[in-house]
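Hello,

Here is the structure I promised to pass on to you. Have a look at it first, and then read my notes below.

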Amino acid sequence: MNKNNQKVALITGITGQDGSYLAEFLLDKGYEVHGVMRRSSSFNTGRIEHLYLDEWVRDMKRGRLLNLHYGDMTDSSSLIRLIEEIKPDEIYNLAAQSHVKVSFEVPEFTAESDALGVLRLLEGVRIVGRAHCTRIYQASTSELFGKVQETPQRETTPFYPRSPYAVAKLYAYWIMVNYREAYHMYCANGILFNHESERRGENFVTRKITVAAARIVNGLQDKLYLGNLNARRDWGYAKDYVECMWLMLQQPEPDDFVIATGEHHTVREFCTLAFHYAGIELEWQGEGLDEKGIDKATGKVLVEVDPKYFRPTDVEQLLGDPSKAKTVLGWNPRSTTFDQLVRIMVEHDLEHVKKVYHLK
């Protein structure tokens, strides 16, 4: 804690979807928040500008509660320096190369950042002497379950990762457990199932769908191309999930938790609902590579399957059991329903498209 008895949190990956929501949440809780961001030639702070601009540019009378620092999970010296300077009470490690498909193309970088990056962070905490006064949250993933061994998946379900991303996250999961047991550090893994929002990057399938639906209905795009329409995912709202990250670090003892809604839907279902909220009713014809989503009103083909979006090894279905989180953390996994999530994302992208393209 700082000299005012205010809790201090360090968030890696603060410029991402989860990082931005978590920063908002912690600021509302009265934390002093520090974020780590990678140096880039282009600004990538769009998701958090409303936080740090409001704090120290637009209202200079208020304290600067959000502080940004350059660092990288592949650079142990930067992590050690930041931990020593900031002296965080809590660290939330959200930084990662988090795109599953991309991890097949950059497997070495994915391992460096997602696996060894966590080791560097843990060692940094130990080196500066904060092993017993800093609590650490690791953003784990449902992709650990991969080729699922039981349904639904819970904390005791065996892991079977199916991508370089998932394998790297598997190392991160177990190194957290190892440091918890070997050094008695407060290390908690949050095994979060798919969680989306209007802040999700456009190269992720859910946001790709909602942006395409908004563009197509406004005549700015002809078709949407997708991969495996049958893939099933347990989709929740990212804004709801960050509360669990915080709750995990408030428990008397560190533990690992599955965070999920307990229901799953296909990519096809997500797509159908997204187009519905954009004002287009789809019907599906054909099978496999020949399956198409057709506008019922016009007969025009709007969605097609493209094999280039298939993964070398795919995960067919993920369905989480949030019973432990509900019981121990007192968390409601269905604060935002699947239907509400899709509607929020589509309505945001309809407004976003109009703003970008100056449409009425």
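Which side chain of opposite charge is nearest to Glu155, and how far away is it? Before the answer, a word on the source: this is a predicted model, in which local features need pLDDT of at least 70 and side-chain atom pairs count only at pLDDT 80 or more, while totals for chains, interfaces and linings use all residues. Residues are numbered from 1 along each chain as its sequence is written, and side-chain values use heavy atoms, with hydrogens and water left out.

Now to Glu155. The nearest side chain of opposite charge is Lys324, 5.0 Å away (Lys and Arg count as positive, Asp and Glu as negative; His and the chain ends are not counted). Glu155 is buried (under 20% relative accessible area, with a 1.4 Å probe and protein chains only) but has no salt bridge, a term that needs a side-chain nitrogen of Lys or Arg within 4 Å of a carboxyl oxygen of Asp or Glu. The side chain of Glu155 does reach the backbone nitrogen of Val258, at 2.8 Å. That is a polar contact: N or O atoms within 3.5 Å, where one must be able to donate a hydrogen and the other to accept it, and residues adjacent in sequence count only if both atoms are side-chain atoms. You will find Glu155 in the loop between strand 5 (135–141) and helix 6 (164–183); helices (H or I, at least four residues) and strands (E, at least two) are DSSP runs, numbered from the N terminus.

Gln251 counts as buried because its relative accessibility is 15%. The side chain of Gln251 reaches the backbone oxygen of Leu247 at 2.8 Å. Setting aside neighbours within four places in sequence, Gln251 is in contact (heavy atoms within 4.5 Å) with Arg135, Tyr186, Val328 and Leu329.

What about the nonpolar cores? Each is a set of buried Ala, Val, Leu, Ile, Met, Phe, Trp, Tyr and Cys residues joined through side-chain atoms within 4.5 Å. The largest has 65 residues, of which Leu26, Tyr92, Ile259 and Phe275 touch the most other members. Helix 8 (residues 238–248) gives the most to this core, with eight residues. A second, separate core of 22 residues includes Leu79, Leu82, Leu121 and Cys187.

Overall, the protein chain has eleven helices and 15 strands, and 54% of its 360 residues are buried.

Enjoy exploring!

Definitions and conventions. Buried < 20%, exposed > 50% of the residue type's maximum accessible area, 1.4 Å probe, protein only.
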